[in-house]
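Please open the model in your viewer and keep the selection panel at hand. The stops below are meant to be taken in order.

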Amino acid sequence: MKFLFPILAALMLLVSACSTENKYEADKHLTEVEKSQLLLTTIRYMGHLPKKGTQENKFDADFDEHYSTLAKEYTVEAYHQKDDYEYVLTSRIAPSLKEKKIAIGVKMQRNANGELTYYEEVFRTWKFEVPEMKEKGFMLFDKMVKGEDLSPYYPQNSGKEEFIEFPDQKVTFDIKERRWIMKGMDLFEM
């Protein structure tokens with residue numbers, strides 16, 4: 001009997017994640033061309049800097065090939081448009097002995113020319129095997145779209161179960177600079 005509640009809770013989370021996944025599944029909202037364009041629009045913020053790249057020069061045409069190649073390593077998992085904002089869940093393979101991915105939840109806004117006017121990475125998950133990444137990523141994505149508080153899923157609040165790696169107590173996303181910052185230090189320049 002004592003095992004019944006945890007099993008039922010896990011089953012409810014799985015059922016909820018599946019229905020949420022279907023609701024936001026990127027293939028239902030975007031064409032392959034639109035997904036590719038979305039990644040090319042955001043990759044210079046989401047992805048790592050190229051060799052000899054800095055935050056100041058990352059938009060130089062010399063790095064176009066690097067970012068075009070890097071964008072192919074990302075997948076648009078979920079998409080939702082609400083009011084003037086677009087919500088996107090992307091994933092990429094993370095270094096690991098087994099195939100694992102991280103998920104990134106983004107809230108963004110583009111003008112009529114497709115240029116970003118607002119960009120915020122709301123969360124980055126720990127690396128998970130793909131089924132777990134999708135389950136947790138879509139659950140967090142749904143909460144992000146609904147404007148719910150994600151702090152219970154931060155590392156300092158989630159207990160032994162991992163969900164969100166960033167933000168945490170030391171790392172936040174700087175919306176103005178459009179990058180993760182740790183105590184005044186850019187994480188992608190460490």
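This is a predicted model: local features need pLDDT of at least 70, side-chain atom pairs count only at pLDDT 80 or more; totals for chains, interfaces and linings use all residues.

Residues are numbered from 1 along each chain as its sequence is written, and side-chain values use heavy atoms, with hydrogens and water left out.

Select helix H3 (residues 64-71), where Tyr-67, Leu-70 and Ala-71 are buried, that is, under 20% relative accessible area, with exposed being over 50% and partly exposed in between (1.4 Å probe, protein chains only). Helices (H or I, at least four residues) and strands (E, at least two) are DSSP runs, numbered from the N terminus. Among the elements that cover the buried residues of H3 are helix H2 (32-46) and strand S1 (74-82).

Next, select Leu-38, Tyr-74, Val-76, Val-88, Val-106, Met-108 and Tyr-119, which touch the most other members of the largest nonpolar core, a set of 27 residues. Such a core consists of buried Ala, Val, Leu, Ile, Met, Phe, Trp, Tyr and Cys residues joined through side-chain atoms within 4.5 Å. H2 gives the most to this core, with five residues. Apart from this core lies another, of 20 residues, including Phe-141, Met-144, Val-145 and Ile-164.

Finally, select Met-139 in helix H4 (residues 130-145); Met-139 counts as buried because its relative accessibility is 12%.

Conventions
Contact means heavy atoms within 4.5 Å.
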